[in-house]
Amino acid sequence: MSVRGACDDCVARSWLLARIAGHLDVARNRVPALLELGDDDLIAELAGRDEAAVRAELDAFDADGYRTRCTEVGLELMCRCDPGYPASLWSLPAEPAVLHVAGGTGRLRDLVEGHVVAIIGARRASPYALENARSLARGIARANVTVVSGMAAGVDSAAHEGTLEASGRTIAVLPSAPQRAYPAAARSLYRRILTAGVAVSELGPDVPVRRWMFHARNRIVAALCAMTVVVAARQGSGALTTAGLACTLKRELGAVPGQITSPLAWGPHQLIKTGARLVTETSDILIPAFGMAPLRDFTPPPRLLVPSHLQPLFDALADGLDPPQAFDEAGLDAEEGLTQLAVLELGGHIRRQPGGRFSIAG
């Protein structure tokens, strides 16, 4: 369906979410339930003293003007009345009324018609987690599986990057208007994604990002995919919210194990304890989700036995800290920290990276 073909009622719903975005932010803990409300009930529930003004604006809403603005910023629209609307999103209690697409609705249809997997995780991720995200994404992309993530810093960006390295197919689901990169620092990655994939949001042009939009975005990620894989997540991470939504939708769920003392491993380990599939290679995704033959593209970094007196520094480096921060975290002065750093490197436990950082080898 073309931009002009997105129906008036659906684009009005998208406009309404933007119009009451501030009210939704105040009530963000109830966002999933609020999104299930019809327009009238949603306004009555949230608008407060603005209720009459919002109703009047909705009555006067210019759907053609909205569609024209989308065209001006390079977005195509696919509403839930479109026969090409992703069928997987119908499993949501409150499916997005409109998908605003950078990269083309035709390409979006192609990307969701096949196998789709989400790879998600922490923004502040360790080199170990980033390496795992890239490797898993490369492996499943080579199997012609579409990789979905949120383009956030850390694991999400690494998943997109790994997919692109394999010339694969990827969808970035953004919290707000996909007319530009979010975060802004991901502009280069955004441009690369649009060469072979799409960026998608249920919110339209010029809408500033608010916190509730991340909760709303997470439900789209979970629903689009046959399987969600959590690579790294601290306690309270948004990735765990997405994982919970995937379980509610009865999708496959996987998690990548990490160092038992690392805060980044808390989320994956909790998921594994409660039934998520342990993911150590691409076949752990492809077999349960799609019954596909195992691939051997992903080899997890080897686990090495770290001497106990070096473990605090090793764990701090594994959590993504640079050396000075890691020394502080481990309670070491600079001299002792540098000595232990050298021992870890000589022992093959860590690898020196550009910019004075280190990645762990296990």
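1. Helices (H or I, at least four residues) and strands (E, at least two) are DSSP runs, numbered from the N terminus. The structure is a predicted model, in which local features need pLDDT of at least 70 and side-chain atom pairs count only at pLDDT 80 or more, while totals for chains, interfaces and linings use all residues. Residues are numbered from 1 along each chain as its sequence is written, and side-chain values use heavy atoms, with hydrogens and water left out.

2. At its other end, α6 is capped by Asp62: a side-chain oxygen lies 3.3 Å from the backbone nitrogen of Asp64, at the N-terminal end of the helix. A polar contact is a pair of N or O atoms within 3.5 Å; within protein, one must be able to donate a hydrogen and the other to accept it, and residues adjacent in sequence count only if both atoms are side-chain atoms.

3. Which residues of α6 are buried? In this helix (residues 63–72) they are Ala63, Tyr66, Arg67 and Cys70. These residues lie on the same side of α6, because they cover an arc of only 95 degrees around the axis. Buried means under 20% relative accessible area, exposed over 50%, and partly exposed in between (1.4 Å probe, protein chains only); the arc is that of the directions from the helix axis to the C-beta atoms. An α-helix has 3.6 residues a turn, so residues three or four places apart point the same way. The cover over the buried residues of α6 includes α1 (8–19), β1 (76–79) and β2 (98–102).

4. On the α1 side the contact is made by Asp8, Val11, Ser14 and Trp15, and on the α6 side by Ala63, Tyr66 and Arg67. Contact means heavy atoms within 4.5 Å.

5. Rings of Phe, Tyr and Trp (its six-membered ring) pair if their centres lie within 6.5 Å; planes under 30 degrees apart count as stacked, over 60 as edge-to-face and the rest as tilted. By this rule the count comes to 4 aromatic pairs. Tyr182 lies in the loop between β5 (170–173) and α10 (187–196) and Phe214 in helix α11, so the pair ties together parts that are 32 residues apart in sequence. Tyr182 is partly exposed at 33% relative accessible area, whereas Phe214 is buried at 19%.

6. Tyr182 is joined to Pro183 by a cis peptide bond, with omega of about 5 degrees. Pro183 is in the loop between β5 and α10. Most residues other than glycine have a negative phi, and most peptide bonds are trans.

7. Helix α11 (residues 212–224) also holds Arg219, which is buried at 8% relative accessibility. Beyond its neighbours within four places in sequence, Arg219 is in contact with Leu35, Leu92, Ala94, Glu95, Pro96, Glu202 and Leu245.

8. In helix α12 (residues 238–248) the buried residues are Ala239, Leu240, Thr242, Ala243 and Ala246. They are on the same side of α12, because their arc around the axis is only 155 degrees. These buried residues pack against β3 (116–120), α11, β7 (227–230), β8 (252–255) and α13 (266–273). Ser237 caps the N-terminal end of α12, with a side-chain oxygen 3.0 Å from the backbone nitrogen of Ala239.

9. Lys250, in the loop between α12 and β8, has a positive phi near 60 degrees and is exposed at 75% relative accessible area. Asp206, in the loop between β6 (198–201) and α11, has a positive phi near 70 degrees and is partly exposed at 41% relative accessibility.
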